[in-house]
Amino acid sequence: MTEQSNNISEYIISIYRKEDLMRAYQFDLEKFGTQVINFFPISDKEKLAEVNHYEEFMQKMKDQGIEEKGHLQEVNELVVTLSNLHDQLKADDEDYYGVYQKALPFIENNMSHAQGAIRDEIQICLNGIYGFLLLKIAERIIEPEDQEMVDRFGDLLSLLSYKYEEQKASN
């Protein structure tokens with residue numbers, strides 16, 4: 001796995017991106033190396049390290065049976081940890097609760113659209129941000145109401161990530 005950034009939410013979303021990238025390349029490391037890693041502005045030694053990293057990443061995905069869908073177990077565990085912290089902060093932190101309230105209508109709307117497939121508020125926010133990034137990559141137009149949703153999800157995840165790091169540092 002890549003080194004974890006100081007923002008746990010960004011890290012989780014980056015892993016989602018890597019998982020989808022491996023699926024898009026159908027776990028063909030040679031093709032991925034030729035079409036992606038070869039264009040990294042790094043030395044040959046660093047490129048070899050990247051190939052090794054992605055080979056391990058692909059193998060981990062295969063070992064966990066998520067070649068077609070799903071996320072790595074360690075990432076799912078991080079989401080559960082964030083969700084538990086989210087629930088605690090909603091009850092104990094007035095500032096967090098205020099940010100949560102601004103995101104709540106969008107969370108509820110997305111949960112309704114998920115029709116029970118996703119019941120976790122933090123997973124909804126992560127999926128919303130990731131979906132937004134995919135739309136940006138595809139150069140799709142982002143409607144103003146969708147931009148507001150992404151902003152609210154981003155605010156909530158940023159504060160949650162900050163609180164996560166704060167809690168981690170105090171342990």
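The paragraphs below walk through this structure, from its overall build to a few single residues. Keep in mind that you are looking at a predicted model.

Let us start with the whole protein. Which kinds of secondary structure does the protein contain? The count comes to seven helices and zero strands. If you trace the chain from the N terminus, the elements therefore read α-α-α-α-α-α-α. The protein has 171 residues, and 37% of them count as buried. Its accessible surface comes to about 10400 Å², and 48% of that area belongs to carbon and sulfur atoms.

Now think about how the chain folds back on itself. Take the contacts between residues at least 6 apart in sequence: 68% of these join residues at least 24 apart. Charges are another thing to look at. The protein carries 17 positive and 33 negative side chains, and the centres of these two sets lie 3 Å apart.

Helix α4 covers residues 73-92, and helix α6 covers residues 121-137. Their axes come within 8 Å and cross at roughly 115 degrees. Which residues of α4 and α6 meet here? On the α4 side they are V79, L82, S83, H86 and K90, and on the α6 side E121, I122, Q123 and L126. Sorted by type, the residues of this contact divide into four nonpolar, three polar and two charged.

The loops hold something to notice too. As background, most residues other than glycine have a negative phi. F27 is not a glycine, yet its phi is positive, at about 60 degrees. You will find F27 in the loop between α1 (8-24) and α2 (29-35). Is F27 buried or exposed? F27 counts as buried because its relative accessibility is 13%, and the cut-off for buried is under 20%.

E139 also has a positive phi, of about 55 degrees, although it is not a glycine. This residue lies in the loop between α6 and α7 (144-170). Is E139 buried or exposed? With 71% relative accessibility, E139 counts as exposed, since exposed means over 50%.

L29 sits in helix α2. Which residues does L29 touch, leaving aside those up to four places away in sequence? They are V51, Y54, E55 and M58. Look at M58 in particular: along the chain, L29 and M58 are 29 residues apart, while their C-alpha atoms are separated by 8.3 Å.

G154 belongs to helix α7. Its relative accessible area is 21%, so G154 is partly exposed. In sequence, G154 and G128 are 26 residues apart, and from C-alpha to C-alpha they are 9.2 Å apart in space.

The last stop is R17, in helix α1. R17 is partly exposed because its relative accessible area is 40%.

How values were computed: Residues numbered from 1 in each chain as written. Predicted model: local features only at pLDDT ≥ 70, side-chain atom pairs only at ≥ 80, totals over all residues. Heavy atoms only, no water. Axes fitted to C-alpha atoms, helices over the stretch in contact; angles between N-to-C directions. Helix = DSSP H or I, 4+ residues; strand = E, 2+ residues; numbered from the N terminus. Contact = heavy atoms within 4.5 Å. Nonpolar A, V, L, I, M, F, W, Y, C, P; charged D, E, K, R; others polar. Buried < 20%, exposed > 50% of the residue type's maximum accessible area, 1.4 Å probe, protein only. Areas by Shrake-Rupley, 256 points an atom, 1.4 Å probe, with all protein chains shown as cover. Lys, Arg positive; Asp, Glu negative; His and termini not counted. Charge placed at Lys NZ, Arg CZ, Asp CG, Glu CD.
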